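Hi everyone, thanks for coming. Let's get the picture up on the screen and walk through it together.

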Amino acid sequence: MKYMLLINAGELDTENAPVGCEPEDWMRFDKEITDSGVVVASESLADLVTATRVQVANDGKRTVTDGPFAETREVLGGFYVIDVPDLDVALDWAAKCPGSRAGGSVVVRPVAEF
């Protein structure tokens, strides 16, 4: 079954880097999860200020807003799509992810198969 791990950054330090999540932690995790053969896709997202929000009203009018819109402390930083036997295995991978530490979180969602 496929699951998406949505990685939300935690507390940011003065250099806007997640506290407690060093690049070496990410490289080690990425190598482990990739070498395991469960990764279907993964990407890190560009800085939040590069985001563009599109909303279409009921009358069809499109509104485009540059930059972040939602007032939230969580910042979606990237994702993995993994193919594993069940939710428990997906949760184990989420717990190993550096993004689940230092105030961050990893949201695990099943990928709908149509």
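What you see is a predicted model, where local features need pLDDT of at least 70 and side-chain atom pairs count only at pLDDT 80 or more, while totals for chains, interfaces and linings use all residues. Residues are numbered from 1 along each chain as its sequence is written, and side-chain values use heavy atoms, with hydrogens and water left out.

OK, the overall layout. The protein chain has two helices and six strands. If you follow the sequence, the pattern goes β-α-β-β-β-β-α-β.

Now, which strands make up the open sheet, and in what order? There are four, arranged β2-β5-β1-β6, with antiparallel pairing. At the edges stand β2 (39-44) and β6 (105-110), and each has a single partner strand, so one side of each is left without a neighbour in the sheet. From one strand to the next, the twist averages 20°; the angles here run from 0 to 180 degrees between N-to-C directions, and the axes are lines fitted to C-alpha atoms, for helices over the stretch in contact.

Let's go across the sheet pair by pair. β2 meets β5 (residues 75-83) through five bridges, in the antiparallel sense, and there you can find S42 opposite Y80. Next, β5 is joined to β1 (residues 2-9) by eight bridges, again antiparallel. In that pair, K2 has D83 as its bridge partner. Finally, β1 and β6 run antiparallel with six bridges between them. And in case you're wondering what holds such things together: strands of a sheet pair through backbone hydrogen bonds, either parallel or antiparallel.

What about the other two strands? β3 (residues 52-56) and β4 pair antiparallel over five bridges. They form a hairpin with five residues between them, and G60 in the turn has a positive phi of about 90°. Have a look at V54 too, which stands opposite V64 in β4.

Stay on V64 for a second, in strand β4 (residues 62-66). The cut-offs are: buried under 20% relative accessible area, exposed over 50%, partly exposed in between, with a 1.4 Å probe and protein chains only. V54, V56 and V64 together form a nonpolar patch on the surface, with about 270 Å² of accessible area. That area comes from the Shrake-Rupley method with a 1.4 Å probe, and for residues only the protein chains shown count as cover. A patch takes residues with over 30% relative accessible area and no salt bridge, joining like charges within 9 Å and nonpolar side chains (Val, Leu, Ile, Met, Phe, Trp, Tyr) within 5 Å. For the chain as a whole, 23% of the 114 residues count as buried.

Last stop: salt bridges, meaning a side-chain nitrogen of Lys or Arg within 4 Å of a carboxyl oxygen of Asp or Glu. How many are there in the whole structure? The search finds three.

One joins R28 and D25, with the closest N and O atoms 2.8 Å apart. These two are three residues apart in helix α1, so about one helical turn separates them. D25 counts as buried at 18% relative accessibility, whereas R28 is exposed at 52%.

Another links D35 and K31, at 2.6 Å between the closest N and O atoms. Being four residues apart in helix α1, D35 and K31 are also separated by about one helical turn. D35 is exposed at 54%, and K31 counts as exposed at 53%.

Then there's E32 with K96, at 3.2 Å from N to O. E32 lies in helix α1 and K96 in helix α2 (residues 87-96), so the pair ties together parts that are 64 residues apart in sequence. Their C-alpha atoms are separated by 9.8 Å. E32 is partly exposed at 38%, and K96 is partly exposed at 40%.

Technical notes:
Two strands pair if DSSP finds at least two bridges between them.
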